[in-house]
Amino acid sequence: MTDQKKNQETPSSDLVTLYSETIEKFLERLPERSRAIVKARFGMDGGKAKTLEEIGSYYSITRERVRQVICSALEQLKKALLHEEQFSLIPRSVEQALSKKHGIMVLDELVKALSKGNKKEKGAILAFLEALPNVLSEKLSDDHEKVYFLKDFSLDAWQEMKDGAKNILTDMKETLSGEELYKEFTKKYGKKFSYEHFINFMIVSKDIKQNVFGRWGLATWSDIKPRGTREKAYLVLKTGGKPLHFRDIAKLIDEHGLHQKKRQSHPQTVHNELIKDKRFVLVGRGIYALSEWGYKKGTVKEVISEILKDAKEPLTREEILERVLSIRQVKKSTIIINLNTFFERVAKNTYTLKKK
């Protein structure tokens with residue numbers, strides 16, 4: 001590889017202070033107070049970015065004056081990025097990151113990709129993003145998060161894709177995996193994007209989100225953003241597809257980050273919430289299933305009675321065992337004891353309801 005080609009590439013991952021080191025070179029050109037104001041505004045000292053009001057109060061100047069100082073500094077930075085070789089790596093690295101995501105990224109994801117986890121880099125990156133000549137931004141809206149995109153990027157094309165995906169989810173009324181949603185999109189609208197392109201566009205959306213299990217849906221759906229214990233337990237059971245003990249449900253809620261940070265779900269609270277909700281059925285000792293799976297509430301005796309009523313004819317012991325076990329988690333011996341105690345045997349191992 002030639003030296004010229006090396007110079008044209010973005011820096012390797014071990015040069016993690018590229019942005020903070022480069023911004024320091026630029027800030028040396030500014031008066032001391034202007035330098036401090038810019039650092040405070042973008043949180044370059046590792047702290048939280050300050051508001052215009054906070055900075056103005058500290059320096060006893062107006063909010064408008066603070067804004068003017070920052071705008072002047074960013075104009076100078078933009079010229080440096082355009083015309084000075086020592087700053088040329090910055091626009092290339094940002095544009096390369098955006099290109100990898102097909103031209104658009106949510107602010108937080110872009111900062112994470114560029115900083116590689118180095119908190120010191122964040123403030124410098126935020127300042128550079130405001131000054132790059134070939135990178136534009138859009139504030140948070142009803143359609144998307146705060147985003148940055150390449151100058152030649154088409155927001156209309158993004159909007160078309162997002163609206164199409166939203167229509168599909170609204171019509172289907174259920175969450176879909178990325179592959180399922182992409183398949184439905186290409187079936188309805190044609191293969192306008194690759195799968196990777198489609199997903200990168202989806203990530204930017206505000207009203208379409210992916211849940212912790214990797215399924216996409218409308219941001220307002222409880223399957224995407226469950227709020228209470230019952231919604232979280234419902235999502236865990238629905239995704240798992242099988243009955244679980246309430247202690248395991250509580251554990252999975254925490255493991256998947258559905259509970260508030262630094263707090264743990266209390267198993268007894270989960271038990272107390274589920275037992276009051278018709279969507280859940282207690283099918284064994286502490287074991288819950290979803291009623292939509294066909295599981296029935298009630299004692300084993302009541303479940304057997306319901307099965308025989310629906311059958312409208314005597315059933316063999318094996319048939320009754322199979323049907324009870326498909327909707328309740330209980331020992332076979334318990335079912336047999338109930339059969340022999342509360343039901344009439346009309347033939348060898350064949351039972352019906354007792355006549356009143």
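H102 comes out as partly exposed, with a relative accessible area of 26%; here buried means under 20%, exposed over 50% and partly exposed in between, using a 1.4 Å probe and protein chains only. H102 sits in the loop between helix 6 (89-100) and strand 1 (104-106). Helices (H or I, at least four residues) and strands (E, at least two) are DSSP runs, numbered from the N terminus. Phi of H102 is near 65°, a positive value in a residue other than glycine.

S60 is another non-glycine with positive phi, this time about 55°. S60 belongs to the loop between helix 4 (52-59) and helix 5, and with a relative accessible area of 67% it is exposed.

A word on the ground rules: this is a predicted model, where local features need pLDDT of at least 70, side-chain atom pairs count only at pLDDT 80 or more, and totals for chains, interfaces and linings use all residues. Residues are numbered from 1 along each chain as its sequence is written, and side-chain values use heavy atoms, with hydrogens and water left out.

## Overall build

The protein has 17 helices and 12 strands. Its radius of gyration is 30 Å, well over the 21 Å that the globule rule gives for 356 residues, so the protein is more spread out than a compact globule. That radius is taken over C-alpha atoms, and the rule is 2.2 Å times the number of residues to the power 0.38. Along the principal axes, the C-alpha trace spans about 100 × 50 × 40 Å.

Of the 356 residues, 40% count as buried. The protein exposes about 20,800 Å², with carbon and sulfur atoms supplying 48% of that; the areas come from the Shrake-Rupley method with a 1.4 Å probe, and for residues only the protein chains shown count as cover. Take the contacts (heavy atoms within 4.5 Å) between residues at least 6 apart in sequence: 54% of them join residues at least 24 apart.

## The largest pocket

Rolling a probe the size of a water molecule over the atoms shows where empty space is left. On a 1 Å grid over the protein atoms alone, a pocket is an open set of points where a 1.4 Å probe fits, with protein on both sides within 12 Å along at least five of seven lines; lining residues have an atom within 4 Å of a point. The largest pocket has a volume of about 530 Å³, that is, the space filled by probe spheres set on the points, which are joined across faces, edges and corners.

The lining has 19 residues, and R41, F42, E130, K146 and Y148 lie nearest the centre. Helix 5 (63-83) is among the elements that supply at least two lining residues each, along with helix 3 (32-42), helix 7 (107-115), helix 8 (119-129) and strand 2 (135-138). Helix 5 gives the most, with 4 residues. By type, the lining splits into 10 nonpolar, 1 polar and 8 charged, where Ala, Val, Leu, Ile, Met, Phe, Trp, Tyr, Cys and Pro are nonpolar, Asp, Glu, Lys and Arg charged, and the others, Gly among them, polar.

In helix 11 (residues 195-204), 7 of the 10 residues are buried, so the helix is largely enclosed by the rest of the structure. Those buried residues are H197, F198, I199, N200, F201, M202 and V204.

L235, in helix 12 (residues 229-240), is buried at 3% relative accessibility. Leaving out residues up to four places away in sequence, L235 touches N211, F213, D223, P226 and L258. The C-alpha atoms of L235 and D223 are separated by 5.9 Å, with the two residues 12 apart along the chain. G228 lies in the loop between strand 6 (215-218) and helix 12, and is partly exposed at 32%.
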